[in-house]
Amino acid sequence: MEPRIQYAQTADGVSIAYAVYGEGPVIVFASNIWGSLHIEQSGVWGRVSPIGTLVNEGWSVALYDGRGSGSSDR
């Protein structure tokens, strides 16, 4: 369940990292201070990932790393 990290470009040229897990209606999770993508893909949640639970229930979950955190540019 590891999608490819993609990048969206802001009007001022900053690249924002994001990934979408699953298929179905989309839920967007706001980034945390360290960057959500790194935490989810590191496996820190183990087998009880909240993202995995939502995907298994038919949702699509979009995560992004805010400006200056995780995989996004400052």
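Predicted model: local features only at pLDDT ≥ 70, side-chain atom pairs only at ≥ 80, totals over all residues.
Residues are numbered from 1 along each chain as its sequence is written, and side-chain values use heavy atoms, with hydrogens and water left out.

**Stop 1: the sheet.** Switch to cartoon and find the open sheet of 4 strands, ordered E1-E2-E4-E3 with mixed pairing. E1 and strand E3 (26-29) are the edge strands, each pairing on one side only. From one strand to the next, the twist averages 30°. Strands here (E, at least two residues) and helices (H or I, at least four) are DSSP runs numbered from the N terminus, and two strands pair if DSSP finds at least two bridges between them. Axes are lines fitted to C-alpha atoms, for helices over the stretch in contact, with angles from 0 to 180 degrees between N-to-C directions.

Stop 2: Select residues 6-9, which are strand E1; the pairing with E2 is antiparallel, over 4 bridges. Pick Tyr7 and look across to its bridge partner in E2, Ala17. Then do likewise with Ala8, whose partner in E2 is Ile16. The hairpin has 5 residues between the strands, and Gly13 takes a positive phi near 90° there.

**Stop 3: Ser15.** Now click Ser15, in strand E2 (residues 15-21). Is Ser15 buried or exposed? Its relative accessible area is 18%, so Ser15 counts as buried (buried means under 20%, exposed over 50%, partly exposed in between; 1.4 Å probe, protein chains only). Beyond neighbours within four places in sequence, Ser15 contacts Tyr7, Ala8, Gln9, Ser72 and Asp73, a contact being heavy atoms within 4.5 Å.

**Stop 4: the salt bridge.** A search of the whole structure turns up 1 salt bridge, meaning a side-chain nitrogen of Lys or Arg within 4 Å of a carboxyl oxygen of Asp or Glu. Show the side chains of Arg67 and Asp12, which meet at 3.1 Å, N to O. Arg67 sits in the segment after strand E4 (60-64) and Asp12 in the loop between E1 and E2, so the pair links distant parts of the chain, 55 residues apart. Arg67 is partly exposed at 47% relative accessible area, while Asp12 counts as exposed at 54%.
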